[in-house]
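We will go from stop to stop, picking residues and looking at what surrounds them.

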Amino acid sequence: MDYVVTLFIFGVVVLLTTWLPLALKRIPLSLPICCIVIGILLSLSPFTPLPQRNPLENVGWAEHLTELVVIVALMGAGLKIDRPLGWRRWMVTWRLLGVAMPLSIGAIAFLGWALLSLPPASALLLGAALAPTDPVLAADVQVGPPQTGEEDDIRFALTSEAGLNDGLSFPFVMAAIAIAGASSQIDWIGHWLVVDVLWKLVAGTGMGWLAGRALAHLTFRLPKAGQLAKTGDGLAALGFTCVSYAATELVGGYGFVAVFISALTLRSVERGSTFHSELHDFGEQIERLLMMVLLVCFGAVLAEGTLLSQVDWRIVVVAVLTLAIIRPLAGWISLFGCHQPKAEKAIIAVFGIRGLGSIYYLAFATQRAKFEHIESLWATVFMIILISVIVHGIAVTPVMRWIDRERGVDSMRPMRGTRANE
């Protein structure tokens, strides 16, 4: 009977996550908020199929489940960017990555040390886990599907930033792991610079490009009878994601970087092919299903109460300062000198949504080194994700509708996963 109840509840939740984006399109409420509420209600229900556990008791599952949804989201983000890669064309992205992210990591780490009394390794891990914007939960401020024309500067900046900063924050996560396990504060630096910074980033970028070129050849360059594109089967997106990620991890590179680069490379070949839309649409469905499952579990963990019991005024202050001051200020500083209007810069700076990627980094690091005050780390990350999902989820629809009106464009964009001519 438990299996049947679980199957029924899963079906209902899947149907809700299919229908809710349509119902929520005109109101200031997001699908992630609804998923968390569903998880809380299911956890409190006597018929709940959800395990009453927190991530501290099952870090391995937390790492691999969040890893999967992030790489699927990264592939989708790369596929839907219409703008070719370039130094000038991507200048806002480079500024957000090169200025805003390091500033955010340093400021959050300082808060962790000053307010939460975290030691250096734990404070740095907190900053590295929370600095990147999330490619999964930031869907409402990202560009539309391929070739739909929904790629203004705001949506492009937040999509491209989310696609790259998940991989670029990894060196800081690795630094935190090295500090936690080092016998002195200097004997880890050389290995970190050569391996965790130089080699892993170069390998991630190179393997991403190679995988993208190889997959593009299989998709578009083989004789017509053997081209993947001729199948019209978006299921290939999942294969592309897993192949590029796993191949890069096998050679010791950053798989997150590789997945996004491979998607951009694949997209650059036969840029006008309709098969990109098929890949994107299927990938988006898988992403939304995985996101739904994880956020329902996130809600159940909140209802279970172990992590929330660790929250005190200090964690609340860190969460508020991170979302209301650190990210907006770091983003604004990084955009000094850019040509965008002030309102657009403000939106780019503010909507740095935190999400499932932060859980992945925390789970990844705590599996590989012992960090002090680990309960405080998890509680802080969960609190920041919860506040970000609620505040950004409520604000995104009216804010994006307002800025679209200011720019004289249609504020009611087509639903994600649909094309403009449908």
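Select E161 to begin. In this predicted model, E161 counts as buried because its relative accessibility is 1%, under the 20% cut-off for that label. E161 sits in helix α6, which spans residues 153–168. Now show what surrounds E161: beyond its neighbours within four places in sequence, E161 is in contact with T93, L96, L97, T133 and R327.

**Into the core**

Next, colour the largest nonpolar core, a set of 127 residues. Which residues have the most contacts inside this core? They are F170, V173, F256, F298 and F371. Then select residues 374–406, helix α15: this helix supplies the largest share of the core, 14 residues. As background, in soluble globular proteins nonpolar side chains tend to be buried together.

Stay with F256 for a moment and display its contacts. Setting aside residues up to four places away in sequence, F256 touches E67, V70, I71, L74, D166, G167, F170, Y245, Y360 and Y361.

From there, move on to Y361, in helix α14 (residues 356–366). Is Y361 buried or exposed? Y361 is buried, because its relative accessibility is 0%. Not counting residues up to four places away in sequence, the contacts of Y361 are L125, A128, A129, P132, N165, D166, G167, S169, F170, V173 and F256. For a sense of scale, draw a C-alpha to C-alpha distance from Y361 to C242: the two are 119 residues apart in sequence and 19 Å apart in space.

Now pick V259, which has its place in helix α10 (residues 255–268). V259 is buried too, with a relative accessible area of 0%. Leaving out neighbours within four places in sequence, V259 is in contact with I71, L74, M75, T241, S244 and Y245.

**A look at the empty space**

Rolling a probe the size of a water molecule over the atoms shows where empty space is left. A search of the whole structure turns up 3 cavities of 30 Å³ or more. Let's visit the second largest cavity, with a volume of about 60 Å³. To outline this cavity, select V72, M75, G76, L79, A237, L238, T241, L279, F282, G283 and I286. Which elements give two or more residues to the lining? They are α3 (59–80), α9 (236–250) and α11 (275–304). By type, the lining divides into 8 nonpolar residues, 3 polar and no charged.

G283 lies in helix α11, and it is buried, with a relative accessible area of 11%.

**Last stop: two cysteines**

A disulfide is a covalent bond between the sulfur atoms of two cysteines. How many disulfides does the count come to? The count is 0. For C34, the nearest cysteine sulfur is that of C35, 7.0 Å away.

How values were computed: Residues are numbered from 1 along each chain as its sequence is written. This is a predicted model: local features need pLDDT of at least 70, side-chain atom pairs count only at pLDDT 80 or more; totals for chains, interfaces and linings use all residues. Side-chain values use heavy atoms; hydrogens and water are left out. A nonpolar core is a set of buried Ala, Val, Leu, Ile, Met, Phe, Trp, Tyr and Cys residues joined through side-chain atoms within 4.5 Å. Buried means under 20% relative accessible area, exposed over 50%, partly exposed in between (1.4 Å probe, protein chains only). Helices (H or I, at least four residues) and strands (E, at least two) are DSSP runs, numbered from the N terminus. Contact means heavy atoms within 4.5 Å. On a 1 Å grid over the protein atoms alone, a cavity is a set of points where a 1.4 Å probe fits but cannot get out, and a pocket is an open set with protein on both sides within 12 Å along at least five of seven lines; lining residues have an atom within 4 Å of a point. Grid points are joined across faces, edges and corners, and a volume is the space filled by probe spheres set on the points. Ala, Val, Leu, Ile, Met, Phe, Trp, Tyr, Cys and Pro count as nonpolar, Asp, Glu, Lys and Arg as charged, and the others, Gly among them, as polar. A disulfide is a pair of cysteine sulfur atoms within 2.5 Å.
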